[in-house]
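I opened the model and kept notes as I went. The entries below follow the order in which I looked things up.

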Amino acid sequence: PPPPPPGSRGRFAPAPAMPAPAPPPAPRTAPEGPPGGGPRAGCGARAPRPRSGRGAGGRRRMAGAGAGAGAGPRVVPWADWAEWRRGGACLLGGLRGGSAGALGEGLGLVAGWRARGRVPLAVDATAELAGAVAAARGLLPGGAPGTARHCLRLGLAMAVVRLVNGVVAPAQKGKFARPVSGVARELGLPPVLVDIRHDATHQELPALPLLLAAAEAALGWLEAHYWERQEAALQRQAEALGAAVAALCDVFAAEAAEAGGRLGDGSVGGDGVGRGGAAKRPKGWLKEERRRVLGRLVELSPPPLGRLAAPGVLGCQRLRSLAAEVMADGGAGSGPARQTWSRCMEALHAHWGRGFGEHLRREAVRREEEGSGEAGARDVLEALAAWARGGGSSREGSLGEVPAPGGISSGADTG
């Protein structure tokens, strides 16, 4: 080593000065979490694990009764709403009246629906509960003396459990599952059903009398919350469809009157179209009104559903009155009523397809045979036949046939 510098007295030289230490880093700030201040995955809180089977398509929902206003058409396994009504009436009415034949017919209809496709939960639960109660009462072969009571208890308990789970699960929309009893209370489910579900799932199987009482309560809830609500929704749809058809008839009547120079005040009646003393409309308003009414028909009943729309169209009083006017003129000629009827039928056929006239005819025959007391079905039949014979529908030959009162012609049940 080099000698020490003078004056150091043999001591080591002082170490060179070290550079000043860097300032400590600023404390790290946690990045912003998700909106709302919720926990952030990876920073001390685990992200909630998604619950399998609880998505939009993981649970069965009751068709129609609680459907959203913006939901599109859904495929159902029954042929039409008349078959749906017959199934509900056979199941509920047959159980009340103790009719084994009606119960068998209703259970057979539901069995056929199950073979066609997915049956809504409410319909499935109604059939299961009605079948189990009927078997316990001895109304069906399953309730014969040789049947074990334990199997009846299992069937009743499982029907109640499936009903409660199927109704409560879609209402679990939060991040965490809520108690079943609280959700059931909000939905109006009888508390005994929740108790039966808990006991049958976690404890001993409830006794048969208690299960029968729970099944009666479940059937009452289903009738009030599904069957009656769906029937009311169908009635509202039929009324709205009848109003749209009435507006269409009024638009065509106004066009016929305008063409003949008989439009007095430039107004017609119907759904949103003023009549009697209304101010004159601007030029081209009839075309706009016709477009609006046809758009309303598309909204209420899309083109493939002509067979289902026939009851609502026939229920339109304006259409039946127009048919009576046509037949009062002898069903022939080119008067304003005949022109309005022809244009209305052409528009309905263009919207719902070639077979709509036959669907309308069959519905009129059915109502006339049932003797519901609704006037105008015979006039619609005759006006349809006159329109078809006049070349209005060369595609549907059976429209030109008018069955005798109380009978159906040979062509009514074809197709």
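Which residue just after α3 takes a positive phi? I find Gly138 there, with a phi of about 80°.

**Ground rules.** The model is predicted: local features need pLDDT of at least 70, side-chain atom pairs count only at pLDDT 80 or more, and totals for chains, interfaces and linings use all residues. I number residues from 1 along each chain as its sequence is written, and side-chain values use heavy atoms, with hydrogens and water left out.

**Helix α3.** I take helices as DSSP runs of H or I with at least four residues, numbered from the N terminus. The expected span is 1.5 Å times one less than the number of residues. For the 17 residues of α3 that gives 24 Å, and the end C-alpha atoms are 24 Å apart, so the two agree. I then checked burial (buried is under 20% relative accessible area, exposed over 50%, partly exposed in between, with a 1.4 Å probe and protein chains only). In α3, 14 of the 17 residues are buried, so the helix is largely enclosed by the rest of the structure.

**Helix α1.** I ran the span check again. The 17 residues of α1 should span 24 Å, and the end C-alpha atoms are 23 Å apart, which agrees. Just after α1, Gly98 has a positive phi of about 70°. The buried residues of α1 include Glu83, Gly87, Gly88 and Leu91. Against which helices do the buried residues of α1 pack? I find α2, α3 (121-137) and α7 (208-259).

**Aromatic pairs.** A pair of aromatic rings is described by the distance of the centres and the angle of the planes. My rule: rings of Phe, Tyr and Trp (its six-membered ring) pair if their centres lie within 6.5 Å; planes under 30 degrees apart count as stacked, over 60 as edge-to-face and the rest as tilted. I count 8 aromatic pairs by this rule. Trp78 and Trp113 make an edge-to-face pair, 5.2 Å centre to centre with 65° between the planes. This pair links distant parts of the chain: Trp78 sits in the segment before α1 (81-97), Trp113 in helix α2 (residues 100-116), 35 residues apart. Trp78 is buried at 5% relative accessible area, and Trp113 is buried at 1%.

Trp81 and Trp84 are also edge-to-face, at 5.2 Å centre to centre and 85° between the planes. Both lie in helix α1, 3 residues apart, about one turn of the helix. An α-helix has 3.6 residues a turn, so residues three or four places apart point the same way. Is Trp81 buried or partly exposed? Trp81 counts as partly exposed at 23%, whereas Trp84 is buried at 2%. I also note one aromatic cluster, formed by Trp78, Trp81, Trp84, Trp113, Tyr226 and Trp227.

**Cysteines.** How many disulfides are there? I count 0, taking a disulfide as a pair of cysteine sulfur atoms within 2.5 Å. Cys90, in α1, is buried, with a relative accessible area of 8%. Cys344 is in no disulfide; the nearest cysteine sulfur is that of Cys249, 3.5 Å away. Cys344 is buried too, at 0%.

**Val161.** I find Val161 in helix α4 (residues 149-168), buried at 11%. What does Val161 contact, leaving aside its neighbours within four places in sequence? I list Arg197, Ala200 and Thr201, with contact meaning heavy atoms within 4.5 Å.

Technical notes
Helix = DSSP H or I, 4+ residues; strand = E, 2+ residues; numbered from the N terminus.
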